[in-house]
Amino acid sequence: MRDPMAMERANLLNMAKLSIKGLIESALSFGRTLDSDYPPLQQFFVVMEHCLKHGLRVKKSFLGFNKSLWGPLELVEKLCPEAAEISASVRDLPGLKTPLGRARAWLRLALMQKRLADYLKLLITRKDLLSDFYENSALMLEEEGSVIVGLLVGLNVIDANLCVKGEDLDSQVGVIDFSMYLKNDIDDYRSEERNSQIASILDQKNYVEELNRQLNSTVHGLQGRVDSLEKSNSKLIEELAIAKNNIIKLQEENQQLRSENSLILLKAQQHLEVTQGDVSVERDTYKQSRQGLDEMYNEARRQLKEECQLRQDVENELVVQVSMKQEMELAMKLLEKDIHEKQDTLIGLRHQLDEVKAINVEMYQKMQSSDDEMKKKNNMISRLEEKTNQITATMKQLEQRLQEAERHRIFAEEGTRRFKLDFANKADSLQRQIEHKERQLQQLEMDLKIEREWRQTLQNDLGRERETVAQLSAEALQINGLKKEFHRLQDENIQLKTICEDQEQALEELGFKLSESKMKIEDIKEANKALQGGQVWLKDKDASHCKLCEKEFSISRRKHHCRNCGEIFCNSCSDNELPLPASPKPVRVCDTCHALLLQRCSSNPT
């Protein structure tokens, strides 16, 4: 004789197989969300109720003996904290009065969450706890219970939307209808097709789970990228601050260079005034000196050669300065061309460029003034040349006079030799003439000494003039170096501005990409929550204040769960209703989730 309990377990296992298989096949052929009036779904809950009641111990109460399914199902709350949400929801339902009605509501909510198999699997693993509610040969304590739990995993492909509030779960009669499980050959053929469809759907479910894991990995990768972008953004901000400080320092140095340039120009003007005074003195001395002798002529000729050489040196220096000026003008023209080419990209730097142009105009005017001064010096040199030519002409006249005097002297000597005897009386007159000539010679020697001293002073003045010209050339070289440094600093400033603009544009693009990635991450998280079929609900005992307004809960201020984030809020902070991916009907959501979901719907209208 077989054990009647074993036969009952086998019959219940077969019925569970038939009901689960029929429910999956009919739901796939039905093609939409199941509701409470769907017959195969009602038969499934009846079969599950019989399976859970098998071998249930009878407990005493004030009203008599009864079998309660609610006792073992309450254990799931202790084994899995996620099931506390279902238990709390079942307890809060106002229409349920009996433990059997609570157990039926619990089964329906677990099926909607697609966690029925997980919860029952946790329950059958703790046989020490189930032994308090079931007999030793009960289905939940044997292998058949594990088989049924394994079959329940296939129900995760079904989407159900069951309204627990409107049903009378306390007074329903659980009778199994065997007529829908009687099949013919055609049904067997259809069942094979449905089995293949179920296998493909399970493969799709596995693919979706794998895709979910990949999405989680991509989310972590995106979060890492976001962190790296934030770090690089902070580094770029620091570099931008350093660049701004460098620009301020360069502007201060530019102002110092301007002040030094003005001082140099003032010194050059003073030197030019001194040279003009020296030239006027030389002009007076040239007017006073018009006589000379043979030695003075030779010395003047030698000094003229030296002056010509000095003039050539000065002209060479002037040519060098003119070439440097031309190079500066070319550089200025190139700079103006570069400035005109880059005006489109340097709108923000117009004011600085205007200042630079003004400085360049001032420098150009100063260069023109220096050119005018050089022209004046050239005129002075030409005047000096004219004076030297005059001096050479006077020297030639003096030479002619000397030759004539020598001729007269020779003629006089010959006359004295020839006519010494004849003209003895004229000796006194000749001696007087000789004494007069000697006096003239002494006077000429004195004039020669004066002329030598004057030439010495001229040489000293020329040496001073050379020193001033050398100082002016050195100052011009310093000005050119300062201009080159200024142009280099301007180029560096432009480069830094362009780098700053590129970095700001890159930062704006990174911020835009970051916002897009954040929106994508939120969408992926929402899809992940929808795929996983539920959120982690906060326990009622863990919340004593509203999370949004932080007001304490009391008898008048009740606790309410947000169906999107799972947190606990008061009624004023969660009086919004919106449809969610896990619940097409409008459910309660908090103000934060309500604003976030509306923003997401407005940004993604599809």
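**Figure 1. A salt bridge between Glu567 and Lys547.** In this predicted model, where local features need pLDDT of at least 70, side-chain atom pairs count only at pLDDT 80 or more and totals for chains, interfaces and linings use all residues, the side chains of Glu567 and Lys547 come together at 3.5 Å, N to O. Residues are numbered from 1 along each chain as its sequence is written, and side-chain values use heavy atoms, with hydrogens and water left out. A salt bridge here is a side-chain nitrogen of Lys or Arg within 4 Å of a carboxyl oxygen of Asp or Glu. This one links distant parts of the chain, 20 residues apart: Glu567 sits in the loop between β3 (560-561) and β4 (568-569), and Lys547 in the loop between α12 (426-532) and β3. Helices (H or I, at least four residues) and strands (E, at least two) are DSSP runs, numbered from the N terminus. Glu567 is partly exposed at 22% relative accessibility, while Lys547 is exposed at 53%. The cut-offs: buried is under 20% relative accessible area, exposed over 50%, partly exposed in between (1.4 Å probe, protein chains only).

**Figure 2. Arg104 and Glu49, a buried charged pair.** The closest N and O atoms of this salt bridge are 2.9 Å apart. Arg104 belongs to helix α5 and Glu49 to helix α2, 55 residues apart. Relative accessible area is 5% for Arg104 and 7% for Glu49. Lys53 joins in too: salt bridges with shared partners put Glu49, Lys53 and Arg104 into one network. Overall, the structure holds 15 salt bridges.

**Figure 3. Arg57 reaches Glu135 across 78 residues of sequence.** Here the closest N and O atoms are 4.0 Å apart. Both ends are in loops, Arg57 between α2 and β1 (59-61), Glu135 between α7 and α8. Arg57 is partly exposed at 30%, and Glu135 is partly exposed at 35%.

**Figure 4. The two aromatic pairs.** Rings of Phe, Tyr and Trp (its six-membered ring) pair if their centres lie within 6.5 Å; planes under 30 degrees apart count as stacked, over 60 as edge-to-face and the rest as tilted. Phe44 and Phe45 make a tilted pair, 5.5 Å centre to centre with 55° between the planes. Trp106 and Tyr119 are also tilted, at 5.9 Å and 45°. Trp106 is in α5 and Tyr119 in α6, so this pair ties together parts 13 residues apart in sequence. Both Trp106 and Tyr119 are buried.

**Figure 5. Phe44 in the largest nonpolar core.** A nonpolar core is a set of buried Ala, Val, Leu, Ile, Met, Phe, Trp, Tyr and Cys residues joined through side-chain atoms within 4.5 Å. This core has 60 residues, and those touching the most other members are Leu41, Phe44, Trp106, Tyr134, Leu152 and Leu155. Phe44 itself is at 0% relative accessibility. Leaving out residues up to four places away in sequence, Phe44 touches Ser19, Ile20, Leu23, Leu111, Leu116, Leu152 and Leu155 (contact means heavy atoms within 4.5 Å).

**Figure 6. Cys593 in a second, separate core.** This core of 15 residues also includes Cys562, Phe569 and Val587. Cys593 is in helix α13 (residues 591-603) and is buried at 7% relative accessibility. Cys593 touches Cys562, Asn564 and Cys565, again not counting residues up to four places away in sequence. The C-alpha atoms of Cys593 and Asn576 are 9.3 Å apart.
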